[in-house]
Amino acid sequence: MERAKKPAAIPVSPIQPTPQVSISDDSSRVTASLPTGERVDILLYGATVISWKSANGKENLFLSSKASLDGSKAVRGGIPIVFPVFGPPKSDHATSRLPQHGFARISRWEYLGKSSSESSTLPNSKGDASVKLDFGLSDSMIDSSNWDYPFNLTYSVTLSQDSLETSLVVRNTGASNYGFQVLFHSYLVVDDITKTTISGLEEAAFVDKTQGAKEVEPAKKPISIGSETDRVYTLPSENTITVSEQGTQRYEITRDMLSDVVVWNPWVEKAKSMADFGPDEGYKQMVCVEAGSVSVWNTLDAGETWEGQQRIKVL
Ligand code: TA6
């Protein structure tokens, strides 16, 4: 017999799909994906992002076909972390015994965990819109014979539906101050470098490393690339950088506390000269647009903290 007054069913919202995070069986890499299909892969070696795919499966980061992914050397591609020195070590400085671009990209970081955004309650929501992965590196984890300044780094990678954010927190855990440089060495995929332009730098002076670090006045026009290009632009973090192809915007890079932007393409000869750069023609499908703070030494007093961040949005 039916009960006279059966209580109404309790409305239960459908379980929202959530981001998935996994660690490889050999504990060498962390993978995160959103319910909508975006995905990021990060090696614990160097906390190097080696792949960032949009929901349609399109790869946004260039990774050399000859890149070492076994921890034997810095990864040629993705987003290597440059810290505490950019470029060759400076002879008269605390970084003088470090390798080019410092130790962060060639150290094994630890995975600290994940956090995801609140599930969207909007109708037809596709679940969590982002996931943040944290990684840590400290002086106890490196060979301090070449850098004996106590530090603690926390590197965060946030995957959202239309962007990837990387941020670095630097803590001086020692008793004396020191200076550091930092940069996210992002290798972006393009279809054809000869049809690519970079805007947002028109008003910025730059140092041209292909001309012996010559200081060059602002070009007053978007950058196009037709030869080896290796430039350090200095401009306020508020300026957005846009990478376009055949007039269509492809990436937008915004920055916080990172007042330099390096633009690099090795072109034919330099690409061939790098044993881990492949294929030889690969320079046609990539451009490095690197947000950093490298034209000054960022000084941290004992106990102080510094944070810098970039966001690469796919347009
Ligand atoms: O960011 C540009 C740059 O400093 C270039 O001068 C070139 O050396 C590039 O980095 C790659 O450096 P790497 O040490 O990874 O070979």
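Reading the aromatic cluster and the ligand site

User: Which residues form one aromatic cluster?

Analyst: Phe83, Phe103, Trp147, Tyr149, Phe151, Tyr178, Phe180 and Trp306 form one aromatic cluster, where rings of Phe, Tyr and Trp (its six-membered ring) pair if their centres lie within 6.5 Å, planes under 30 degrees apart counting as stacked, over 60 as edge-to-face and the rest as tilted. This is a predicted model, in which local features need pLDDT of at least 70 and side-chain atom pairs count only at pLDDT 80 or more, while totals for chains, interfaces and linings use all residues. Residues are numbered from 1 along each chain as its sequence is written, and side-chain values use heavy atoms, with hydrogens and water left out.

User: How many aromatic pairs does the structure hold, and how is the pair of tryptophan 147 and tyrosine 149 arranged?

Analyst: The structure holds 17 aromatic pairs; tryptophan 147 and tyrosine 149 form a tilted one, with 4.9 Å centre to centre and 50 degrees between the planes.

User: Is tryptophan 147 buried or exposed?

Analyst: Buried means under 20% relative accessible area, exposed over 50%, and partly exposed in between (1.4 Å probe, protein chains only). Tryptophan 147 counts as buried because its relative accessibility is 1%, whereas tyrosine 149, at 23%, is partly exposed.

User: Which side chains have an N or O atom 2.9 Å from an oxygen atom of the ligand?

Analyst: A polar contact is a pair of N or O atoms within 3.5 Å. Arginine 76 has such a side-chain atom 2.9 Å from a ligand oxygen, histidine 185 likewise has one at 2.9 Å, and a polar side-chain atom of aspartate 230 lies 2.5 Å from an oxygen atom of the ligand.

Conventions
Polar contact = N/O pair within 3.5 Å; in protein donor to acceptor, adjacent residues only side chain to side chain.
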